[in-house]
Amino acid sequence: MKRKLTKGFAAAMAATLCISTASLGGITAAASDDSADPLQLAFVLYDWSDDQGTYLESYLNYLADNLNITVECVSYTDSVEDMINVIESLCSKGVDGIAVASDEGFQSWAQICEDNEVYCSIMLGRLGDEDDREFAAGLDYYLGSLGTYDYSFLGEAYANYIIESGYESVLIAAPSQGLQDQSDQMVEGSVAVLDEAGITYELIQTAWSDLFSSVAAAVAAADYDVIYCPLSVMSFGVPQIYTNNLIGQTVVMGHGTDESMADAIDSGIVAMFSDNLTTSVGVNVALMINAIEGTMYEDYPADECVNIQSPTFLIQNEEDFEIYTEYIRNFDDPVYYISADAVKDMIVSFNSEATFEGVKSYIEGLSLENVAENAK
């Protein structure tokens, strides 16, 4: 019988942040018995054939080579019904844990996992619906949500960068459709910080097709220290900046991985990227192993819908972009900046001092500087 995460399992304690960039690879307790049967983990994604999917699969296989686990990567068609069928099949096969990329149909598939005593989590996003959150609070085998689709924290990070750079007049240009939810969240996070700091800003929100022409008109009519474009994905945003002669401005862009960013950054564009691929998968593996082994962190908030924000990486020049494309989003020749030793440091049977707050602090504290340093 697997050990349930009993409600109220999270003890009120001062968490020691025992996972840091300095302690990566510092395994402090005896490893789990590798002679035991490997834990069977499954990861359910819409498509494993694109760059994101193949990267995640290669990372999971790397972790399986270094931990006593097996991983199964399963695709589903674009329907909730097929997703549920996939999860039913995995449960019937006797897997120990399932991480699902989407919260679609959450109550249905989470209940299936609950009935089969299989731990489950959301791999790349958070549980956004309030009804789903209330439902999750009554489950014993749901491990909470990881990664993030709440981009307000990125907006806050951008706003702090703008303030620290000394900009006093800001033009915010945000798409109002297509990526509306994420853009709105980034705007919300940004303006709260700018308002508190007394920074003057103008907000333009239009359809993608009109966004950068509207920006060009606004720039022609007023003088701005910086143009800030929340979630203007590089493949869309960079050509429009060139077309509308905005490259001479200092432009703070949303996240993306387009290779054309190297030239754009050299021209004065600053980018901020977030990564929820390696971080989410690494933490999901550690959480599931802890839960299955019955050694969950003493400070794990089992009765809450927990979330660990993805790290943000500020790209200010070509050197920064080279670090990002080599160590963080290298799909061709992956370098896993959250190594197997780092994941082991999150597993209580390897590191008896591991805490949830320590894991959270480590993930959210990742930066270009410490990623590059740890990779050396």
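**Salt bridges**

I started with K93, which forms a salt bridge with E72, the closest N and O atoms being 2.8 Å apart. For the term I used a side-chain nitrogen of Lys or Arg within 4 Å of a carboxyl oxygen of Asp or Glu. This is a predicted model, so I took local features only at pLDDT of at least 70 and side-chain atom pairs only at pLDDT 80 or more, while totals for chains, interfaces and linings use all residues. Residues are numbered from 1 along each chain as its sequence is written, and side-chain values use heavy atoms, with hydrogens and water left out.

Where do K93 and E72 sit? K93 is in helix α2 (residues 80–93) and E72 in strand β2 (residues 69–75), so the link spans distant parts of the chain, 21 residues apart. Helices (H or I, at least four residues) and strands (E, at least two) are DSSP runs, numbered from the N terminus. Both ends are partly exposed: K93 has a relative accessible area of 48%, E72 one of 29%. My cut-offs were under 20% for buried, over 50% for exposed and partly exposed in between (1.4 Å probe, protein chains only).

I found 2 salt bridges in the structure. K360 and E364 make one of them, at 2.8 Å from N to O. These two lie in helix α13, 4 residues apart, about one turn of the helix. E364 is partly exposed at 34%.

**Aromatic pairs**

Next I searched the whole structure for aromatic pairs and got 15. Rings of Phe, Tyr and Trp (its six-membered ring) pair if their centres lie within 6.5 Å; planes under 30 degrees apart count as stacked, over 60 as edge-to-face and the rest as tilted.

Y59 and Y62 have ring centres 6.1 Å apart and planes at 25°, so I logged the pair as stacked. Both are in helix α1 (residues 51–66), 3 residues apart. Is Y59 buried or exposed? Y59 is buried, at 0% relative accessibility, whereas Y62 is partly exposed at 24%.

I then checked Y297 and F356: centres 6.4 Å apart, planes at 50°, so this pair is tilted. Y297 lies in the loop between α10 (278–293) and β11 and F356 in helix α13 (residues 356–364), so the pair ties together parts 59 residues apart in sequence. Both Y297 and F356 are buried.

I also noted one aromatic cluster made of Y55, Y59, Y62, F331 and Y336.

**Cores**

Y297 came up again in the largest nonpolar core, which has 65 residues; F43, V285, Y297 and I338 have the most contacts inside it. A core here is a set of buried Ala, Val, Leu, Ile, Met, Phe, Trp, Tyr and Cys residues joined through side-chain atoms within 4.5 Å. Helix α10 gives the most to this core, with 9 residues. A second, separate core of 25 residues includes A42, I112, I122 and Y142.

I looked up what I338 touches (heavy atoms within 4.5 Å). Leaving out residues up to four places away in sequence, its contacts include Y59, T278, Y362 and L366.

**Strand β10**

All 6 of the 6 residues of β10 (residues 269–274) are buried, so the strand is largely enclosed by the rest of the structure. I269, A271 and F273 cover one face and V270, M272 and S274 the other. β10 pairs with β11 (residues 312–315) in the antiparallel sense over 4 bridges; pairing takes at least two DSSP bridges. M272 has L314 as its bridge partner in β11.
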